[in-house]
Amino acid sequence: MPFTDREILETVRMIELETLDIRTITLGINLLDCADPDPESACEKIYTKIVQHGRNLQEVGRGISADYGIPIVNKRIATTPISYVAAASATDDLVPFARALDAAAKACGVDFIGGFTAYVHKGFTHADDALFRSIPRALKETQHVCSSVSLATTKAGINMSAIARFSDVILETARLTADQGGLGCAKLVCFCNAVEDNPFVAGAHIGTGEPETVVNVGVSGPGVVRAAIAKLGPEPDLLAVAETVKRTAFKITRMGELVGREAARRLGTTFGIVDISLAPTPAAGDSVSDILELIGVDRTGAPGTTAALALLTDAVKKGGAMASSSVGGLSGAFIPVSEDAGMIEAVRVGALSLAKLEAMTSVCSVGLDMVAVPGDTSAATLTGIIADEMAIGMVNAKTTAVRIIPVPGKGPGETVEWGGLLGTAIVQDPGKFSCGILHRRGGRIPAPIQSYKN
Amino acid sequence: MTRFLTSEDVRRASGRVIEIEEGTIVTAQAQDTARDAGIVIKTRSGSYSEPAPSRGPDAGQAQRSLPHLPEPPAEGELASYTGVVITAAGRNRPGVLAEITAALANSKASVLDISQKVVEGYFHIVLMVELPPGSGFAQIKSTLECMGGPDDYVVRVMHERVFRFMHRV
């Protein structure tokens with residue numbers, strides 16, 4: 001065992017002091033064989049199948065954590081998009097399907113289950129339509145279910161009519177969960193170029209190209225990258241910063257690979273991917289914003305932030321790709337505003353505006369994530385915000401997402417507490433101008449030309 | 001393809017006994033419905049018990065292709081040993097190292113490498129250890145990690161594979 005003391009202490013320090021952990025082991029379960037003309041039977045099958053496969057997920061996670069000494073924060077389940085499964089049932093009300101998912105999540109002891117999902121980037125099937133109608137009530141009536149929809153892709157363009165409908169879904173969900181500060185919307189996300197192997201909620205689901213069951217792992221580690229750059233100090237140039245991030249990302253990713261393989265072995269299933277996203281938490285030091293500030297901006301949101309984030313995201317991918325041949329999911333840096341203490345502070349001091357955040361999403365791995373806006377934000381404004389984000393993803397052939405929470409009864413600058421991993425948010429001002437005509441027009445924005453890239 | 005027997009299937013069934021194919025999953029609701037109606041669900045070979053989950057056609061292949069990263073040699077003498085890295089830190093006092101190594105000796109573990117430093121009354125020990133075949137990692141981990149205490153010292157036991165994955169290409 002040729003390890004030096006330095007290597008050993010480095011690993012121990014990462015885990016003990018720099019909050020290195022495996023953010024999630026997500027078990028993907030195909031539910032297509034649960035389709036049934038009778039909706040009740042379909043729900044029975046869904047519940048039974050998920051519980052059969054996911055029953056020992058917690059135990060396996062705890063076992064790996066104990067054996068290897070690496071904390072595994074969350075164990076989760078992702079399923080086939082429910083709109084595919086429910087299509088055979090020809091029912092307008094998909095809330096019972098959400099209840100079945102919720103009950104199964106509870107039986108397996110997982111905190112979130114993703115898969116109340118529809119793909120509508122080109123248009124709606126009957127089942128997609130039913131799912132859209134059911135989302136607000138499903139999120140109100142269940143605790144663990146997360147919902148996601150695909151509204152645009154680079155190949156298909158942007159479905160503006162679907163975005164307009166989705167804006168109404170967001171507002172209705174916020175209204176139904178008003179007593180919890182619109183918390184339902186924190187479990188609701190829309191995508192451009194949705195990935196089919198994403199282990200992170202709220203967007204977790206298993207696409208139709210995935211195997212019967214699969215283990216996907218999401219690693220974290222902003223704290224480790226932050227510590228490495230802090231140790232580097234402000235003198236070395238940006239090549240040195242990129243190199244440091246790459247080396248650190250390599251080590252973090254290897255932990256994900258180890259845990260993913262071990263989880264797959266113990267569950268007897270396929271190991272899918274490691275998602276090498278830097279996923280912040282509200283915990284002190286576990287912040288992507290801190291990394292950007294250490295790279296060299298006064299506050300996240302100041303001029304230079306997008307450039308720093310571009311360096312960070314790219315270096316994480318390069319280091320991660322060297323460490324694992326199974327990199328997938330979203331992979332990059334997450335910038336969920338309410339879940340990152342540094343980002344919240346940047347909003348509070350006025351450094352980070354919604355406009356700057358949007359610019360940052362063109363180089364980060366996801367998009368506008370956990371952004372709070374006033375409860376009286378119009379559907380047209382939401383449509384505009386989502387469409388802008390989808391356009392960034394479509395043109396740059398990358399995944400972008402929007403998870404936005406219109407907080408009922410709150411105006412710009414006010415604070416809302418969701419608690420736990422979801423953190424605290426300061427309501428941001430979307431501005432007083434909207435896009436009523438664009439919202440009303442509907443239709444699609446055609447797919448972009450993928451040549452002449454300037 | 002997973003086969004299911006749902007409560008609807010039970011309600012539609014005629015007769016007091018439903019015979020299902022091997023590998024069929026009977027939903028919880030179907031089991032309740034059958035019990036309430038006094039219907040027996042059985043397979044050809046006997047009474048029903050839930051089949052092991054079928055993880056799909058890819059699972060077997062995936063299991064075989066897993067280890068190709070920095071793993072210890074698959075053959076030879078080393079292969080059957082479990083490598084363990086132990087770190088301990090705390091207030092220095094006579095006998096700390098002896099306590100830890102005595103626990104290791106009890107478990108028939110052999111120490112491959114050891115380093116210790118004391119700075120201003122606090123010690124730090126790193127031990128690389130091999131466990132003989134058949135001796136349980138979990139057992140030695142729980143024994144060692146229960147030693148010391150908050151005012152004395154803390155021990156951390158980790159599988160060697162963690163370090164191999166993190167520090168070797």
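**Exercise 1.** Are α10(A) and α12(A) roughly parallel or roughly perpendicular to each other?

*Solution.* This is a predicted model, in which local features need pLDDT of at least 70 and side-chain atom pairs count only at pLDDT 80 or more, while totals for chains, interfaces and linings use all residues. Residues are numbered from 1 along each chain as its sequence is written, and chains are lettered from A and ligands numbered from 1 in the order in which they are written.

Step 1. Identify the elements: helices (H or I, at least four residues) and strands (E, at least two) are DSSP runs, numbered from the N terminus.

Step 2. Take the axes, which are lines fitted to C-alpha atoms, for helices over the stretch in contact, with angles from 0 to 180 degrees between N-to-C directions. Those of α10 (residues 288–295) and α12 (residues 341–348) of chain A come within 5 Å and cross at roughly 70 degrees.

Step 3. Apply the cut-offs: angles under 35 degrees count as roughly parallel, over 145 as roughly antiparallel, 65 to 115 as roughly perpendicular and the rest as oblique. Therefore α10(A) and α12(A) are roughly perpendicular to each other.

Step 4. List the contacts (C-beta atoms, placed from the backbone, within 7 Å). Ser289(A), Asp290(A) and Glu293(A) of α10(A) meet Gly342(A), Met343(A) and Ala346(A) of α12(A). By class, this contact has two nonpolar, two polar and two charged residues; Ala, Val, Leu, Ile, Met, Phe, Trp, Tyr, Cys and Pro count as nonpolar, Asp, Glu, Lys and Arg as charged, and the others, Gly among them, as polar.

**Exercise 2.** Describe how α2(A) packs against α5(A), and state the classes of the residues in the contact.

*Solution.* Step 1. The axes of α2 (residues 39–54) and α5 (residues 95–108) of chain A come within 9 Å and cross at roughly 20 degrees. The two helices are therefore roughly parallel to each other.

Step 1. On the α2(A) side, the contributors include Cys43(A), Ile46(A), Tyr47(A) and Ile50(A); on the α5(A) side, they include Phe97(A), Ala100(A), Leu101(A) and Ala104(A).

Step 2. The contact of α2(A) with α5(A) has 14 nonpolar, one polar and no charged residues.

**Exercise 3.** How many residues does each chain give to the contact between chain A and chain B, and which elements of chain A take part?

*Solution.* Step 1. Chain A gives 36 residues and chain B gives 40.

Step 1. In chain A, α1 (5–16), α2, α3 (57–68), α9 (238–267) and β8 (270–275) each supply at least two residues of the side that touches chain B.

Step 2. That side of chain A has 11 nonpolar, 10 polar and 15 charged residues.

**Exercise 4.** Is Pro374(A) buried or exposed?

*Solution.* Step 1. A residue is buried if 20 or more other C-beta atoms, placed from the backbone, lie within 10 Å of its own, exposed if 12 or fewer, and partly exposed in between.

Step 1. Pro374(A) has 20 other C-beta atoms within 10 Å and is therefore buried. Pro374(A) lies in strand β9 (residues 368–374) of chain A.

Step 2. Not counting residues up to four places away in sequence, Pro374(A) touches Pro406(A), Lys410(A), Gly411(A), Pro412(A) and Val427(A).

How values were computed. Contact = placed C-beta atoms within 7 Å.
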